Amino acid sequence: MMRAVEDRAVFGAGEVVVTQDAVHEEHELRQRVMDRLTRAVSANGGVISREELSAFDLGGGSTRRLVDAYGAGIWNPKDLKATLSIVSSPDGPYDDREIDGGLFRYDYRVGSTQGQNTKLRRAMELDLPIVLLRKIAPGVFVPVFPVYVVEDDREAHQFVIALDESLRFLRDPLHPTTDERRYAERITKQRLHQPEFRGRVIRAYSTRCAVCRLAHGELLDAAHIVDDSDADLGQPVVSNGLSLCTLHHRAYDRGFLGITPDYEVRIDSALLDEVDGPMLRHGLQEMHGQRLGLPARRVDRPDRDRLAWRWARFGAASA
Ligand SMILES: [Zn+2]
């Protein structure tokens with residue numbers, strides 16, 4: 001582990017000597033990468049492409065590669081002391097092989113305990129944040145950041161990754177208590193599953209609102225048709241989602257806007273009778289009777305059974 005000495009100190013990270021200045025510099029660079037990533041991902045509706053990651057724009061005319069060029073999971077830029085990003089490829093929205101006790105586990109690069117794993121271990125020793133890239137389609141990722149390597153499980157050949165600042169300080173990440181486990185599971189849902197659902201849904205709708213076609217990723221949400229508290233129908237699958245702008249999402253959730261199982265938008269009858277400014281008129285009343293915008297892929301379209309379940313509730317509320 002790292003050993004802080006005095007000013008201008010040296011850290012013993014494996015056999016490599018790293019000065020405090022160098023660590024500070026890497027923190028700043030990573031902060032800059034993550035700030036820019038936040039903006040880029042938001043504009044894209046929660047995802048980023050391999051192409052963008054290959055020459056990621058850091059502003060001021062500079063770019064940096066954020067993913068390995070040859071498809072390796074661990075990206076170790078030559079000029080950095082530690083790993084910058086890791087890729088994980090869940091097979092689908094239910095694939096939780098990587099989660100154990102609420103904590104994310106990342107396999108060593110096959111072949112040795114050293115090699116590319118060394119720099120990932122160093123990220124742990126130097127407390128440097130990294131980016132987790134969750135692959136949701138070929139060449140499409142939902143980035144999760146900052147994440148931290150908190151434990152090296154040499155026996156299992158796995159690193160334990162904290163998906164959130166708050167999970168960095170567990171006393172024993174290899175043996176979480178029941179409470180810690182429950183907490184970690186909640187964080188996993190917030191940090192992995194919800195952003196993945198959002199990324200998959202908004203992407204399926206080509207980054208547009210299904211009601212009004214607004215095309216700004218920053219203003220789009222992935223709405224559930226059946227709430228995720230419903231064990232039968234509430235799964236985080238694209239066919240249980242709708243890409244909606246924040247206005248239409250809220251209107252849908254508050255019962256001002258309904259969607260029939262035949263993909264038609266309806267507005268609450270009382271709201272239709274109101275007289276007010278352009279937002280009410282254009283944003284809501286004129287949506288009445290519009291066809292819902294649908295994903296190109298049939299498999300991504302909203303499930304009619306789920307729409308019917310939800311529509312029955314809208315009908316009851318606005319009757
Ligand atoms: Zn909209």
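C209 is buried, with a relative accessibility of 1%. Buried means under 20% relative accessible area, exposed means over 50%, and partly exposed lies in between (1.4 Å probe, protein chains only). C245 is also buried, at 5% relative accessibility.

This is a predicted model, in which local features need pLDDT of at least 70 and side-chain atom pairs count only at pLDDT 80 or more, while totals for chains, interfaces and linings use all residues. Residues are numbered from 1 along each chain as its sequence is written, and side-chain values use heavy atoms, with hydrogens and water left out.

**The zinc site**

C209 and C245 both belong to the zinc site. The protein donors are C209 (SG), C212 (SG), C245 (SG) and H248 (ND1), at 2.1 to 2.4 Å from the zinc ion. Donors are N, O and S atoms within 2.8 Å of the metal (3.2 Å for Na, K and Ca); water is not among the atoms, so sites may look incomplete.

The four donor atoms make angles of 92 to 120°, and the site is tetrahedral. Four donors count as tetrahedral if all angles lie between 85 and 135 degrees; four count as square planar and six as octahedral if opposite donors are over 155 degrees apart and all others between 65 and 115; anything else is irregular. Ideal angles are 109.5 degrees for four tetrahedral donors.

Along the chain, the zinc donors follow the spacing C-x2-C-x32-C-x2-H. C209 sits in the loop between α4 (178–204) and β13 (220–224), and C245 sits in strand β14 (residues 241–245), so this pair ties together parts 36 residues apart in sequence. Helices (H or I, at least four residues) and strands (E, at least two) are DSSP runs, numbered from the N terminus.

R213 is found in the loop between α4 and β13. R213 is not a glycine, yet it has a positive phi of about 70°. Its relative accessible area is 34%, so R213 counts as partly exposed.

The structure holds zero disulfides. A disulfide here is a pair of cysteine sulfur atoms within 2.5 Å.

**Strand pairing**

Two strands pair if DSSP finds at least two bridges between them.

| Strands | Sense | Bridges |
|---|---|---|
| β7 (residues 85–88) and β10 | parallel | four |
| β10 and β11 | antiparallel | six |
| β11 (residues 140–153) and β12 | antiparallel | five |
| β9 (residues 103–107) and β12 | antiparallel | four |

Individual partners can be named. S88 has R134 in β10 as its bridge partner. L133 stands opposite P143 in β11. Y148 is bridged to A162 in β12. D107 stands opposite Q158 in β12.

Strand β10 (residues 130–137) has seven of its eight residues buried, so the rest of the structure largely encloses it. Strand β12 (residues 158–162) is mostly covered, with five of its five residues buried. Its side chains point two ways: Q158, V160 and A162 one way, F159 and I161 the other, and all are buried. In a regular strand the side chains alternate between the two faces of the sheet.

The hairpin of β10 and β11 has two residues between the strands, and G139 in the turn takes a positive phi of about 75°. The hairpin of β11 and β12 has four residues between the strands. H157 lies in the loop between β11 and β12. Its phi is near 55°, a positive value in a residue other than glycine. H157 is partly exposed, with a relative accessible area of 37%.

Strand β11 also holds P146. The peptide bond from F145 to P146 is cis, with omega near -10°.

**Helix α3**

Helix α3 (residues 117–125) has eight of its nine residues buried, so it is largely enclosed by the rest of the structure. The buried residues are N117, K119, L120, R121, R122, A123, M124 and E125. Just after α3, D127 takes a positive phi of about 60°.

**Domains**

The domain assignment gives domain 1 (26–202) and domain 2 (205–318). These bounds come from an automatic or database domain assignment. The centres of domain 1 and domain 2, taken over C-alpha atoms, are 32 Å apart. Twelve residues of domain 1 are in contact with 19 residues of domain 2. Contact means heavy atoms within 4.5 Å.
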